[in-house]
Amino acid sequence: MLKVIKELQKANKKIIITSDMYLVKDFIKELLSQCGYDTFYKYYVSCDYNKSKHDGSLYEIIKQEIGGQLTYVHIGDHEFSDKEQ
């Protein structure tokens, strides 16, 4: 995945991170950095917004903030939270 992300960043694509996580954004950023990932365009971590991917409320925040500004490609690992919502 790191190779894919690096290629997307070289192509000047804006990448956002979404996570249903109890760890705050700054911790997630540091963790990703330690794994070789550069800074991303935006981070949406459920505990920072008191919202959830599972119920769709975190996606509503994303729509409000960057809605029509981007074309989306979504990569996830949970059928319901990452696809259905």
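**View 1. Ser52, a buried residue in a loop.** With a relative accessibility of 18%, Ser52 counts as buried in this predicted model, because buried here means under 20% relative accessible area. Ser52 is found in the loop that runs between helix H3 (46-49) and helix H4 (57-66). If neighbours within four places in sequence are left aside, the residues in contact with Ser52 are Asp20, Ser46, Ser57 and Leu58.

View 2. Not counting residues up to four places away in sequence, Leu58 touches Ser19, Tyr44, Ser46, Tyr49, Lys51, Ser52 and Lys53, and Ser52 in turn has Leu58 among its own contacts.

View 3. Is His78 buried, partly exposed or exposed? Its relative accessible area of 41% makes His78 partly exposed, because that class lies between the limits of 20% for buried and 50% for exposed. His78 has its place in the loop between H4 and helix H5 (79-84). Although 24 residues of sequence separate His78 from His54, the C-alpha atoms of the two residues are 9.5 Å apart in space.

**View 4. The whole chain, as a setting for the close-ups.** The secondary structure of the chain comes to five helices and two strands, and when it is read along the sequence these elements follow the pattern α-β-α-β-α-α-α. The radius of gyration is 13 Å, close to the 12 Å that the globule rule gives for 85 residues, so the chain is as compact as a globular protein of that length. Along its principal axes, the C-alpha trace spans about 30 × 25 × 25 Å. Of the 85 residues, 28% count as buried, and among the contacts with a separation of 6 or more, 59% are accounted for by residues 24 or more positions apart.

**View 5. The surface and the charged side chains.** The chain exposes about 6,100 Å², of which carbon and sulfur atoms supply 51%. There are 12 positive and 13 negative side chains in the chain, and the centres of these two sets lie 8 Å apart.

Definitions and conventions: Residues are numbered from 1 along each chain as its sequence is written. This is a predicted model: local features need pLDDT of at least 70, side-chain atom pairs count only at pLDDT 80 or more; totals for chains, interfaces and linings use all residues. Side-chain values use heavy atoms; hydrogens and water are left out. Helices (H or I, at least four residues) and strands (E, at least two) are DSSP runs, numbered from the N terminus. The radius of gyration is taken over C-alpha atoms; the globule rule is 2.2 Å times the number of residues to the power 0.38. Buried means under 20% relative accessible area, exposed over 50%, partly exposed in between (1.4 Å probe, protein chains only). Contact means heavy atoms within 4.5 Å. Accessible areas come from the Shrake-Rupley method with a 1.4 Å probe; for residues, only the protein chains shown count as cover. Lys and Arg count as positive and Asp and Glu as negative; His and the chain ends are not counted. The place of a charge is taken as NZ of Lys, CZ of Arg, CG of Asp or CD of Glu.
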